[in-house]
Amino acid sequence: MKEELKIRVVKGPDGVEFEVEPLRDYYCEAAPTVMPGAYIKIVEDMFNWARSESIWILGFGTGCGAIEMRPLMTPRFDAYRYGVQWRPTPRQANLFVISGYLSTKTLKRAIRAYEQMQSPKYVIGLGSCTINGGMYWDSYNTIKRLDDYLPVDLYIAGCMPRPEALLAGFMDMKKLIRAGRGEGANLYAENFEWYKANQKRVIHDWDMPDYNW
Amino acid sequence: MRELHTRLAKLFPLGELTEQRTNLAFVSVPQEHLRSLLLHLRDREGFTHLVLLTAVDWLEEGQFQLTYLLSNRGKACDLGVRVMIPRDGATMQSIHELWPTAATYQRELREMFGIAFPGSPRVEEDFILEGWRDIPPYRRDFDTLKFAVENYSQRPGRETHDPATHMKQQLYPGET
């Protein structure tokens, strides 16, 4: 475990010494819970319509596929006209695009970022690496199928998919959300133990709380 | 380069000079003379820049080959110094006092090849891999496919095609 995560005694500015336990003090330990839908279908449909029209992407490029997201931000492809935009922090985003191969080291950061995002949240796997390992099928350091570790709503195949393919993917994502099928966050909460077991099988130096947000 | 080699050969027991280009050559040196040769090259011959430090695993010979690539900016030429060290219990002296940047390369080599560099700063810390338990992955006896199959869940249905045969079937389906 890293030095900064160990329990230690800290002296405050007023001279009082107190014990700090970073893993417990800095993070919330409560496991995720399933969020029920609205009390009536028409309201839930309205929520889903609103959600589908404001897809905010976490600007976290995990692999080489992140390069395909840059043209989408610029006038040529201009994803902003569809209500899709990129946000700098997980707190402000609701769509996580895993862009390409995910090494176990990045997976750890991706899990933390995903858990810090607000529900309802969605995951898109971009490129063949997230589907079955792609060209990294025999690599010692990349995961081979993303849906074992995070609840994936949609895959966009290709190596790499063009920006147009991403736009088509976002349109499909919108349809999924409007149909009420973007239930990734609830799926994650329901199968929390299974996801954690899978994650811990590949991340050997687990130095964070099981759920942190 | 020849001239430099002749000059150096008078001072150090150097191996043959391998000239890759007019401005790039490699020379081998025994392990115990490496440090004095590097110091000499840096301070007397103007090879002030350590471009890279890398290793090759000669599994069959039971040796690691370390290459210290130095650059002389004034003369725009590069010289690679090769050192062979035994593979079992591989240990090499650290050169972080000569070039502080070498410490980073040494951390990488320790992690990826399992070569020990006693005294190098932060060499024991994880560098790229986190929580690695197997033998170092750049060693040639490490089977990366076997490791991937054992450690990562695979999606069934993955097929591999030989590109030549596949394209032949695609383009000329009737022919065999």
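Biologist: Where in chain A is Pro120(A) found?

Modeller: In this predicted model, Pro120(A) is found in the loop between α4 and β6 of chain A.

Biologist: What makes the bond that joins Ser119(A) and Pro120(A) a cis peptide bond?

Modeller: The omega angle decides here, and for the bond between Ser119(A) and Pro120(A) omega is about -10°, a cis peptide bond. The bond from Cys159(A) to Met160(A) is also cis, with omega near -10°, and Met160(A) lies in the loop between β7 (154-156) and α6 (163-178) of chain A. Most peptide bonds are trans.

Biologist: Why is strand β5 of chain A called largely enclosed by the rest of the structure?

Modeller: A residue is buried if 20 or more other C-beta atoms lie within 10 Å of its own, and 5 of the 5 residues of β5(A), residues 95-99, are buried, so the strand is described as largely enclosed. Leu95(A), Val97(A) and Ser99(A) point one way from the strand while Phe96(A) and Ile98(A) point the other way, and all of these are buried.

Biologist: How do you know that β5(A) and β6(A) are joined, and in which sense do they run?

Modeller: Pairing requires at least two bridges between the strands, and 5 bridges join β5(A) to β6(A), residues 122-126, with the two running parallel. Within this pair, Ser99(A) stands opposite Leu126(A), and β5(A), helix α4 (residues 104-116) and β6(A) of chain A make a right-handed β-α-β unit.

Biologist: What makes Asp78(A) partly exposed, whereas Arg122(B) counts as exposed?

Modeller: The cut-off for an exposed residue is 12 or fewer neighbours, and for a buried one 20 or more. Asp78(A) has 13 C-beta neighbours inside 10 Å and therefore counts as partly exposed, while Arg122(B) has 12 and therefore counts as exposed. Asp78(A) has its place in the loop between α3 (69-73) and β4 (84-87) of chain A, with phi near 50°, a positive value in a residue other than glycine. Arg122(B) is found in the loop between α3 (102-113) and α4 (144-151) of chain B, and its phi, near 55°, is likewise positive in a residue other than glycine.

Biologist: Why is chain B called more spread out than a compact globule?

Modeller: The globule rule gives 16 Å for 176 residues, and the radius of gyration of chain B is 22 Å, well over that value, so the chain is described as more spread out than a compact globule. Its C-alpha atoms fill a box of roughly 70 × 40 × 30 Å along the principal axes, and 22% of the 176 residues count as buried.

Biologist: Which strands stand at the edges of the sheet in chain B, and why are they edge strands?

Modeller: The open sheet of 5 strands has the order β1-β2-β5-β4-β3, with mixed pairing. In chain B, β1 (17-21) and β3 (49-58) each have a single partner strand, so one side of each is left without a neighbour in the sheet.

Biologist: How do you know that β2 and β5 of chain B pair?

Modeller: At least two bridges are needed, and β2 (residues 24-28) and β5 (residues 77-86) of chain B pair in the parallel sense over 5 bridges. Ala25(B) has Leu79(B) in β5(B) as its bridge partner. Helix α2 (residues 34-43) of chain B packs on the sheet, touching β4 (63-72) and β5 of chain B, and its direction makes about 170° with that of β5(B).

Definitions and conventions: Residues are numbered from 1 along each chain as its sequence is written. Chains are lettered from A and ligands numbered from 1 in the order in which they are written. This is a predicted model: local features need pLDDT of at least 70, side-chain atom pairs count only at pLDDT 80 or more; totals for chains, interfaces and linings use all residues. The radius of gyration is taken over C-alpha atoms; the globule rule is 2.2 Å times the number of residues to the power 0.38. Helices (H or I, at least four residues) and strands (E, at least two) are DSSP runs, numbered from the N terminus. A crossover is right-handed if, with the strands pointing away from the viewer, the path from the first strand over the helix to the second runs clockwise. Two residues are in contact if their C-beta atoms, placed from the backbone, lie within 7 Å. Axes are lines fitted to C-alpha atoms, for helices over the stretch in contact, and angles run from 0 to 180 degrees between N-to-C directions.
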